[in-house]
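Subject: The structure for you to look at

Hi,

Here is the structure I promised to pass on. Please have it open while you read, and follow along as you go.

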Amino acid sequence: EVKSHKESKEEASQIQLTLKEEIKSWVEKFKQVSEDSQSKIKSLEKIANDLKGDVTVLEARIENCNDEKKALLDRILSTEEKYKKCKQTLNETNKKLEQSVAGLQELGQEYQNLQVRQVMLSNRQWADDSYANSCKKCNKQFNLTTRKHHCRHCGMIFCGTCSQYSAVIASNKNPVRVCETCSIELSDIRGTNVRRISNSSIHSAQSYR
């Protein structure tokens, strides 16, 4: 029995020693795992801090992109507004150009008509009073009461009734007497002001003779 008790005691001591060794081993492993975990935690914290920095940079870039986007949209809107104004100005300019071209064509036509009239006038001659016995238009005989009047435009001789108009012609800057036919012709010329001479002026104004 003494031997059996001794063996049991030794066996218990051996088990206790084994347990101590295992506990020591587990403690060492736990320390190693703890150290590894701490190292990983620090590494993860560093990564997290780096990511926070990256997030901050990305947020700043996003904000800058938003600002650039807003500025670009403003420029697009401004450009569209300028384009509309330029298009409107271009349309108005084209309309004015068309009107100017039409006006130039009209002036060109009038210039040609004036050239034709000038050629016709250059071939006209001043009628001689001594050979004129009657009005060129109405054939009324001239006498003391029916006086002779030269048309300063065509040069023919008319009575006062048939030459009761005044107009400014190329050869005279002041209004002069013209016949009815020439008054119609001159009124078709732009800027020519043709007036009817009053009856009193017909009989008294020598400047229109």
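Below is what I found, going from the overall layout to single residues.

**Overall layout**

Please keep in mind that this is a predicted model. The chain has 209 residues, of which 17% count as buried. Three helices and five strands make up its secondary structure, and from the N terminus on they follow one another as α-β-β-β-β-α-β-α. Helix H1 covers residues 2–122. The chain exposes about 16,900 Å², with carbon and sulfur atoms supplying 54% of that area. As for contacts between residues at least 6 apart in sequence, 52% of them join residues that are at least 24 apart.

**The sheet**

Three of the strands form an open sheet in the order S4-S3-S5, and their pairing is antiparallel. S4 (172–178) and S5 (195–196) are the edge strands; each has a single partner strand, so one side of each is left without a neighbour in the sheet. Strand S3, residues 165–169, is joined to S4 by four bridges. If you want a place to start looking, Tyr-165 has Val-178 in S4 as its bridge partner.

**The core**

Val-178 turns up again in the largest nonpolar core, which has 19 residues. Together with Cys-151 and Phe-158, Val-178 touches the most other members of this core. Strand S2 (157–158), S3, S4 and helix H2 (180–187) each supply at least two residues to the core, and S3 gives the most, with three. In general, nonpolar side chains tend to be buried together in soluble globular proteins.

**Along helix H1**

The patch is formed by Ile-15, Leu-19, Ile-23 and Val-27, which together have about 350 Å² of accessible area. Leu-19 sits in helix H1. Is Leu-19 buried, partly exposed or exposed? Its relative accessibility is 45%, so Leu-19 counts as partly exposed.

How many salt bridges does a search of the whole structure find? The search finds two. In one, Lys-46 pairs with Asp-50, and their closest N and O atoms are 3.3 Å apart. Both residues lie in helix H1, four residues apart, or about one turn of the helix. Lys-46 is exposed, at 54% relative accessible area, while Asp-50 is partly exposed, at 39%.

The other salt bridge links the side chains of Lys-70 and Asp-74, with 3.4 Å from N to O. Why are these two about one helical turn apart? Lys-70 and Asp-74 are four residues apart in helix H1, which means a separation of about one helical turn. Lys-70 is exposed, with a relative accessible area of 53%, and Asp-74 is partly exposed, with 40%. As a general point, side chains of opposite charge can pair when their charged atoms come close.

I hope this helps you find your way around the model.

Best wishes

Technical notes
Residues are numbered from 1 along each chain as its sequence is written. This is a predicted model: local features need pLDDT of at least 70, side-chain atom pairs count only at pLDDT 80 or more; totals for chains, interfaces and linings use all residues. Side-chain values use heavy atoms; hydrogens and water are left out. Two strands pair if DSSP finds at least two bridges between them. Patches are made of residues with over 30% relative accessible area and no salt bridge: like charges are joined within 9 Å, nonpolar side chains (Val, Leu, Ile, Met, Phe, Trp, Tyr) within 5 Å. Accessible areas come from the Shrake-Rupley method with a 1.4 Å probe; for residues, only the protein chains shown count as cover. A salt bridge is a side-chain nitrogen of Lys or Arg within 4 Å of a carboxyl oxygen of Asp or Glu. Buried means under 20% relative accessible area, exposed over 50%, partly exposed in between (1.4 Å probe, protein chains only). A nonpolar core is a set of buried Ala, Val, Leu, Ile, Met, Phe, Trp, Tyr and Cys residues joined through side-chain atoms within 4.5 Å. Contact means heavy atoms within 4.5 Å.
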